[in-house]
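Subject: Structure handover

Hello,

Please read them with the coordinates open.

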Amino acid sequence: MAGTVETVFRIESARIIAGVARIVRDVGLAEELAQDALVTALERWPESGVPDNPGAWLMATAKHRAIDLVRRKETYARKLAEVGRALEDVSPPDPADLARTAEDIDDDLLRLIFTACHPVLPTRARVALTLRLLGGLTTEEIARAFLVPEPTVAQRIVRAKRTLAQADVPFEVPYGDDRTARLSSVLEVIYLIFNEGYSATTGDDLVRPALCEDALRLARVLAGLLPQEPEVHGLAALLEFQSSRIAARTGPGGEPVLLADQNRTKWNRPLIRRGADALQRAGHGPYSLQAAIAACHARAIRYEDTDWTAIAALYGRLMALAPSPVVELNRAVAVAMAEGPAAGLKLVEALAEEPALKDYHLLPSVRGDLLERLGRHAEARAEFVRAAALTRNARERALLLERSSG
Amino acid sequence: MPRYLSMIRVDEQNAPAEGPSPELMERMGALIEEMTKAGVMLDTAGLAPTSEGTRVTWSGGKISCTDGPFTESKEVIGGYSIVQAKDKAEAVEWTKRFLRTHEEFWNITVEVREIVGG
C-alpha cells in the first residue's frame, strides 16, 4: 500500500505543489502541504482502499488544507485589523479552485517551474529546487546525483525556499521581455541537470543516466506546457538526441567510447525519432542549433557518413549567435573533419591563450588528436598528458593516459 | 529511466462489435495527452483486428504463414504502449489509469514488461 501511495505521489507531486502554491503563494509551504496530504493518504488508504482517482484525491486534500490555512490567516489578519493593524494582503481562495481545467493545472505547473528557476536564486539552488519540486527527487537522490553530502542539498533547498519567500517572488508566469530572460534561466537549469548526468564532471562514472532522464522528462514537460516557444522544442530535441546515445557512450567496463567508435546500432531509434519531431518545431536559437548538430550525427548511419561540412557551418552560426571558446573548439573539430587536421589545428591554436579554456581538458585533448593525425606524435603525447592532468573524471583520465602512451 | 512495453490483451470475441465508445475514446485521449505532457508516453497505438493479421513462423528450418483471424487464442494483443517511467510501479500505476478509462463490460489484461537496455 505504501508503495502505491508513494508512486501516485511521485507522479502527482509537482502538480499538487503547483496547485497549492497558487493558493498559498509560497512554494515551500506548498510542498509541506503536499507532504501532509501524502501522510493522510498513507494513513487512510490502507483502510478505505485506493480511491478511483488517487491524484485528484491527493490534490483535493492538499488544497483543502491550503484553503483552511489561508482562512485562518485571514481571520488572524481581521483580528489584527480590529486592533488597528494593517490588513495582510491575502486574497480569498476561489471556490472554483477544486474543479479546474487541465489548462489551469498547466498554468500552475509553469508558474512552479518559473519560480523554482528564478534568477534571485543561485544556480545550484535553482537546480536542486527544480529537481525537488518538479522532478520529484528526494534530497538524498539529488545529493547522490551531484556527489555532495545530503545535508548540503537539504540546506540549499531550505535556503532557496526562504529566499523566494523573503524576496516576495510572485508565483506567476512572466510576460514580455522578462519572460524571454526567465525562460532562458529555466532552459539553462534543465540543460545543466542533463549535462551533469551526461558528462559527469567528477567521480568514477562517466554517465549518470538517471539525471539525464530527469532532465529529459523536464524538457518534455516544458515543451508540452509551452508549445509555442521554439527554443523549448530545440532543447527537448537536443536532449532526445543526446539521450539516444547514452548506451553507446560507455564500454562494458564503464570506459568512455568516442563518437567515432560508438556502436550506432546501440543508439536508441525511438528517441532519435522523437528528437527529429521536436527539431521540426524548433527555431534558430542556441539550443535549436545544437539540436541540429546532434541531428547530423544521428542521421549518419556510419561515422564516415557524418556531414562535417554541415556541422561546421552550424557551429559557425552558433558562434555568431552565442560565441564561446568551447563552441569554437567544437567548430575546430568539425572543420578538421571537413577540411583536414591542419585547418582545425589553426583554429585550435588561436584558442591557446583563451583564459576560459586554461583548465579545460578538452583543449589539449583535441589538440593532441589533431597533432596525432598530422603525424606529430611526440607533441600529441605531451598534449594527452596535459589533458589527463586536467580532467577530474577518472574514466576520462584513463583513456587520455592510454592515448598518451601511444 | 527504464522503458516499458505494455501489451494490451483483449478478448476479440467479446469486445463490442462497434468498437470503443466515443466517450471512452475521449477519456483515453485525455489520458494519453496527460501522459505525453508528463514526458512518460513514448508511443502508443491500437492494432487492426487479427483477421487482417498474419503469423509468420520459423520452425524446423521452414517458414510458414498463417492468416488471421486467430480464433484459437482467447485473448489477442489489441494495442500497445511504450512508456518511460522511473520504475515498474510507476508504469503499472499509469496502466491502472488506462484501464480505468474503460466501461465495466470490458475484459482487458495488460502485460507490463521492461524493455531490456531501455
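pLDDT is the predictor's confidence in each residue, on a scale from 0 to 100. Chain A averages 89 on that scale, and 92% of its residues score at least 70. Residues 85-95 of chain A stay under 50. For that stretch the model has 13 contacts (heavy atoms within 4.5 Å) beyond four places in sequence.

On conventions: this is a predicted model, so local features need pLDDT of at least 70 and side-chain atom pairs count only at pLDDT 80 or more, while totals for chains, interfaces and linings use all residues. Residues are numbered from 1 along each chain as its sequence is written, chains are lettered from A and ligands numbered from 1 in the order in which they are written, and side-chain values use heavy atoms, with hydrogens and water left out.

Chain B

The secondary structure of chain B comes to 2 helices and 6 strands, taken as DSSP runs numbered from the N terminus (helices: H or I, at least four residues; strands: E, at least two). Along the sequence the pattern is β-α-β-β-β-β-α-β. The C-alpha trace of chain B spans about 45 × 40 × 20 Å along its principal axes.

An open antiparallel sheet in chain B has 4 strands in the order S2-S5-S1-S6; two strands count as paired if DSSP finds at least two bridges between them. Strands S2 (41-46) and S6 (108-114) of chain B are at the edges with a single partner strand each, so one side of each has no neighbour in the sheet. From one strand to the next, the twist averages 20°. S1(B) and S5(B) are joined by 9 bridges, with B:Ser6 opposite B:Ser81. S2(B) pairs with S5(B) (residues 75-84) over 5 bridges, and B:Asp43 has B:Ile82 as its bridge partner there.

Helix H2 of chain B (residues 88-100) lies across S1, S5 and S6 of that chain, at about 160° to S6(B). Axes here are lines fitted to C-alpha atoms, for helices over the stretch in contact, and angles run from 0 to 180 degrees between N-to-C directions.

Pocket and cavity

Both come from a 1 Å grid over the protein atoms alone: a cavity is a set of points where a 1.4 Å probe fits but cannot get out, a pocket is an open set with protein on both sides within 12 Å along at least five of seven lines, and lining residues have an atom within 4 Å of a point. Grid points are joined across faces, edges and corners, and a volume is the space filled by probe spheres set on the points.

The second largest pocket has a volume of about 1,300 Å³. Of its 45 lining residues, the closest to the centre are A:Glu12, A:Arg15, B:Glu34, B:Trp94 and B:Arg97. The lining divides into 21 nonpolar, 6 polar and 18 charged (nonpolar: Ala, Val, Leu, Ile, Met, Phe, Trp, Tyr, Cys and Pro; charged: Asp, Glu, Lys and Arg; polar: the others, Gly among them).

The largest cavity has a volume of about 30 Å³. Residues lining that cavity include A:Ile113, A:Thr130 and A:Leu218.

Backbone

Most residues other than glycine have a negative phi, and most peptide bonds are trans. The bond from B:Gly68 to B:Pro69 is cis, with omega near 5°. A:Arg25 has a positive phi of about 60°, and A:Asp168 has one near 55°.

Regards
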